[in-house]
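These are my notebook entries on one structure. I record what I looked up and what I found.

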Amino acid sequence: MKRLDEILSKTRNTAISAATSATSSNTAETDAESGDTPPCPICHGAGFVRRPYPVDHPRFGRAEPCDCVLQEREDQRRQRLTRLSNIGALARFTFETLNPKGRAGTDPAFPAAIDAARAFAQDPPGWLVLTGPSGSGKTHLAAALANHRIALGHPVLFMVVPDLLDHLRASYDTDDEELAFNRVFEQVRNAPLLILDDLDAPAGTAWAREKLHQVVNHRFNLALPTVFTTTSPPESLDDRLATRLTDPSLARTIRLGGASGAAYQQVGGMSRERLAALQFRTFDLRLPGLSPEERASLEAAFRAASAFAENPQGWLVLQGTNGCGKTHLAAAIANRALESGRSVFFAVVPDLLDYLRASFAPGRDAPYDELFERVRNADLLVLDDLGAQATTPWAQEKLYQVVNYRHIAGLPTVVTTDQSLDALQAAHPRIVARIADPHAGVTVAILAPHYHLGRTAPARGPRRPR
């Protein structure tokens, strides 16, 4: 079997050449001209083999280095691995040449992404999905990971997906045994570490895209180490890809480019100036007239909100009567997120749904799809007054899509509602199934009444909003 880079190179040449014959003498001439040694009789130059382990063996179906690889010198190994990797000009991309703040120098998530990629290159467990807009540094990061892995002496295959689909289609249409589809397909889907760049930009025919799905599914079933880069969030891809790339037992998603665009956006009147006044330090826990149970619930909500602000993960649902302080706590969390460089979208739910409906109208500055994506992908989303929205089927479905997307992606989300979970469950069962999932977040009930009702307001200290 020939090296994949040789096969792919010959595939490209075949497209512009009328003659595509290949013999062992031609192979020998090619090797002699390039200075390569004759191919290994075991792996035929592939560099890895699949050994006949029993089905229940932990290494069944996995690619392993061939004996020729284990016996070669370190410098020979590195040169051979670079050739096999198909990384080409991207060999110059390393962790050392990366800007720690991303290509634009403004991405607060990029240092953590570099650390995650380094750790994956050292010992690649499962899948790593790098997603973000064009120019966010995904390909550079994936190439740096590949080059680091090669420097450690391990094989990697780097493929741009549209190019891969072209190669697969060409290899299927040719009669040349060296270019046979099965040879190319097997090397791609069984590579010890495969990097698929631009997964969401496949051209190709329906047949070629089906082959891509087969590659992804094969590597999913065998849990083979794989890195993907996508411009679109993995949750928005074709269902067959999305369910694989978002499986939490195998895949980890790194989101890049979070600092692009406005850091704070809102629908419903929570201006940046008003938000800035609603801090944890301005939240008054000493209000008179509270029963011990009411005061305990208020303090518990404050602690839960403070903890969430320090480490925003999953969901925080603040439930209580209008005016009990839940919006103040949600705003305080949003302020902390902005201070740490995260983007925030603060949405009063009824106003958000009205705004989304209006965005369908022609000529809007922010088309519906663009607005919807900003809401779904904000680093922190606050959904204020959940349950007050009109319950049209359209509104229900749009809100569920936002909630379900963020639930699957594990994106930090704060929800406030003046309704009990039982009442919400009756009206919005699918939504409550996500926001009240005990494995995904925390629900805190504030028993304190409206700050104007049932007690005397303090002489000093700021008032709290609802």
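**Entry 1: the cores**

Which residues have the most contacts inside the largest nonpolar core? Before answering, I note that the model is predicted, that local features need pLDDT of at least 70 and side-chain atom pairs pLDDT 80 or more, while totals for chains, interfaces and linings use all residues. Residues are numbered from 1 along each chain as its sequence is written, and side-chain values use heavy atoms, with hydrogens and water left out.

I looked up the largest nonpolar core and found 33 residues in it. The residues with the most contacts inside this core are Leu275, Phe280, Leu316, Leu329, Ile333, Leu380 and Val414. I take a nonpolar core to be a set of buried Ala, Val, Leu, Ile, Met, Phe, Trp, Tyr and Cys residues joined through side-chain atoms within 4.5 Å. Buried means under 20% relative accessible area, exposed means over 50%, and partly exposed lies in between (1.4 Å probe, protein chains only).

Helix 13 gives the most, with eight residues. Helices (H or I, at least four residues) and strands (E, at least two) are DSSP runs, numbered from the N terminus.

Apart from this core lies another, of 28 residues, among them Ile114, Leu141, Ala142 and Leu256.

I looked up Leu380 separately. Leaving aside neighbours within four places in sequence, Leu380 is in contact (heavy atoms within 4.5 Å) with residues including Phe308, Ile333, Ala334, Val344, Arg406 and Val414.

**Entry 2: the open sheet**

In what order do the five strands of the open sheet lie? I found the order 4-5-6-3-7, with parallel pairing. Two strands pair if DSSP finds at least two bridges between them. Strand 4 (157-160) and strand 7 (251-255) are the edge strands, each pairing on one side only. From one strand to the next the twist averages 15 degrees.

I looked at one pair within the sheet. Strand 3 (residues 127-131) and strand 6 (residues 226-230) run parallel and are joined by five bridges. Leu130 stands opposite Thr229 in strand 6.

Helix 9 (residues 206-221) packs on the sheet and touches strand 3, strand 5 (194-197) and strand 6. The direction of helix 9 makes about 140 degrees with that of strand 5; axes are lines fitted to C-alpha atoms, for helices over the stretch in contact, and angles run from 0 to 180 degrees between N-to-C directions.

**Entry 3: two aspartates with positive phi**

I found Asp198 in the loop between strand 5 and helix 9. Phi of Asp198 is near 60 degrees, a positive value in a residue other than glycine. Asp198 counts as partly exposed because its relative accessibility is 26%. Neighbours within four places in sequence aside, Asp198 is in contact with Val161, Pro162 and Thr229. From Asp198 to Lys138 I noted 60 residues in sequence and 9.2 Å in space, C-alpha to C-alpha.

Asp385 is not a glycine, yet has a positive phi of about 65 degrees. Asp385 is placed in the loop between strand 11 (380-384) and helix 16 (393-409). Is Asp385 buried or exposed? With a relative accessible area of 17%, Asp385 is buried.

**Entry 4: helix 14**

I checked helix 14 (residues 349-358) and found Val349, Leu352, Leu353 and Leu356 buried. They are on the same side of helix 14 because they cover an arc of only 95 degrees around the axis. The arc is that of the directions from the helix axis to the C-beta atoms.

**Entry 5: salt bridges**

How many salt bridges are there? I recorded nine, a salt bridge being a side-chain nitrogen of Lys or Arg within 4 Å of a carboxyl oxygen of Asp or Glu.

Glu210, Asp238 and Arg240 are linked in a network of salt bridges. Glu210 forms one with Arg240, the closest N and O atoms being 3.1 Å apart. This pair links distant parts of the chain, with Glu210 in helix 9 and Arg240 in helix 10 (residues 239-245), 30 residues apart. Arg240 also meets Asp238 in a salt bridge (3.8 Å, N to O). Glu210 is partly exposed at 31%, as is Arg240 at 42%.

Lastly, I looked up Glu310 and Arg336, whose side chains meet in a salt bridge (2.7 Å, N to O). Glu310 lies in helix 12 and Arg336 in helix 13, 26 residues apart. Glu310 counts as exposed at 59% relative accessibility, whereas Arg336 is partly exposed at 29%.
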